[in-house]
Amino acid sequence: MQFQQLLYFVAVAETRHFTRAAERVHVSQPSLSQQIKALEQELGAELFSRARGNIALTDAGEALLPLARRILADTETARIEVQELAQLKRGRVRLGATPSLCTGLLPDVLRAFHDLHPGIELLIEEGGSHDLVRELARGALDLALVVLPLPTPSPALTTVELLREDLVVVSSAPAPRRPVRITDLRDQPLVMFRHGYDLRELTVAACRAEGFEPTFTVEGGELDAVLGFVRAGLGLAVVPAMVAGRAGRDLRVTALARPGLRRTIALAHRSDVAPPRAARELQRMLLASRRGGPDRTAAAAGTGVTG
């Protein structure tokens, strides 16, 4: 049974005339009659009675008609839904990102994407780069914003550098006039992110490179919790510049002395599977958000860093 045969059958059933049905579906009358005959042979029953030139449905035709109409309607629905997906009217994007990027980079880009494509569902998963790489590899995400270098090299992933960003120090006390050196953190209480957080690894590695272990007053928090602990006066924290710029006027922001600390953000996806159409559009918008290049300093992020 073929789609065209059902289309021709419904046309004859509704017009009760082979010639008018052929005109309706834009085929020749002999071709339509041939397909109807082939359908009857396939089903093993006549669908139309042709007594005295009148076309009427047989019992078999009456039974087939609602089913054929339903099949044709479902086919049209499928065609429209696929077409809408191709035109970015429907679909979904599964995006992973570190919590700091969900706070700093993503809100504006996702708002712009949603304004252009309101029918696309956005599913966001927060996590550290290690967790996001694993989710990408198993197909649970379409795209992920990760910190380079990856915790474990993965030849199955394609990464494109999105931006490089300064890290800064936030505190509740008045900020020093000069930039903070990593060695200045030796005797300072720090509020520290949980294990698996990229920012934790960067900060601890920088302190160890200067020959000391950082002192934690509170550790294990997520981004918002860390900023809240800093507001409460529990210690300093090292955070991305774009996050500090959104943290509010009650936190003091100070640059790190040169060479400072920077992180590289990349957009990653599986190498063996092309992202869906909607994910590719979001990828394009994220890359366009680089504002003229992948290098984004604290000043470019609009943080108002002192020093």
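Pro149 is found in the loop between strands β5 (143–148) and β6 (157–171), where helices (H or I, at least four residues) and strands (E, at least two) are DSSP runs numbered from the N terminus. The peptide bond that joins Leu148 and Pro149 is cis, with omega at about -5°. A cis peptide bond also leads from Arg258 to Pro259, with omega near 5°, and Pro259 lies in the loop between β10 (252–255) and β11 (262–270). The structure is a predicted model, in which local features need pLDDT of at least 70 and side-chain atom pairs count only at pLDDT 80 or more, whereas totals for chains, interfaces and linings use all residues. Residues are numbered from 1 along each chain as its sequence is written, and side-chain values use heavy atoms, with hydrogens and water left out.

Most residues other than glycine have a negative phi, and most peptide bonds are trans. Against this background, Arg16, which is not a glycine, has a positive phi of about 55°. Arg16 lies in the loop between α1 (3–15) and α2 (18–25), and its relative accessibility of 37% makes it partly exposed, on a scale where buried means under 20% relative accessible area, exposed over 50%, and partly exposed in between (1.4 Å probe, protein chains only). A positive phi, of about 65°, is also found at His26, again not a glycine. His26 is placed in the loop between α2 and α3 (29–43), and His26 counts as exposed because its relative accessibility is 72%.

Asp142 is found in the loop between α7 (129–137) and β5, and, at 10% relative accessibility, it counts as buried. Leaving aside residues up to four places away in sequence, Asp142 touches Arg92, Val93, Arg94, Leu136, Ala268, His269, Pro276 and Ala279, contact being defined as heavy atoms within 4.5 Å. Of these residues, Arg94 is also reached through its backbone nitrogen, which the side chain of Asp142 approaches at 2.8 Å. The C-alpha atoms of Asp142 and Leu185, which are 43 residues apart along the chain, are separated by 39 Å.

Arg200 has its place in helix α8, and its relative accessibility of 7% means that it counts as buried. With residues up to four places away in sequence not counted, Arg200 touches Met192, Phe193, Arg194, His195, Phe216 and Glu219. The side chains of Arg200 and Glu219 make a polar contact of 2.7 Å; such a contact is a pair of N or O atoms within 3.5 Å, of which, within protein, one must be able to donate a hydrogen and the other to accept it, and residues adjacent in sequence count only if both atoms are side-chain atoms. Between the C-alpha atoms of Arg200 and Val239, 39 residues apart along the chain, the separation is 9.4 Å.

Ser100 lies in helix α5 (residues 99–104) and is buried, since its relative accessible area is 2%. The residues that Ser100 touches, not counting those up to four places away in sequence, are Leu105, Leu199, Leu223, Pro240, Val243 and Arg263. With Arg263, the side chain of Ser100 forms a polar contact of 2.9 Å.

Ser100 and Arg263 also belong to the lining of the largest cavity, together with Thr98, Pro99, Gly127, Gly128, Gly196, Tyr197, Asp198 and Leu199. The elements that give two or more residues to this lining are α5 and α8 (198–209). A cavity is, on a 1 Å grid over the protein atoms alone, a set of points where a 1.4 Å probe fits but cannot get out, and lining residues have an atom within 4 Å of a point. One cavity of 30 Å³ or more is counted, and about 40 Å³ of space lies in the largest cavity, with grid points joined across faces, edges and corners and the volume taken as the space filled by probe spheres set on the points. The lining residues divide into three nonpolar, five polar and two charged, where Ala, Val, Leu, Ile, Met, Phe, Trp, Tyr, Cys and Pro count as nonpolar, Asp, Glu, Lys and Arg as charged, and the others, Gly among them, as polar.

The structure holds zero disulfides, a disulfide being a pair of cysteine sulfur atoms within 2.5 Å. Cys102 is buried, with a relative accessible area of 18%, and Cys207 counts as buried at 0% relative accessibility.

Terms used
1 Å grid on protein atoms, 1.4 Å probe; cavity = no way out; pocket = protein on both sides within 12 Å on 5 of 7 lines; lining within 4 Å.
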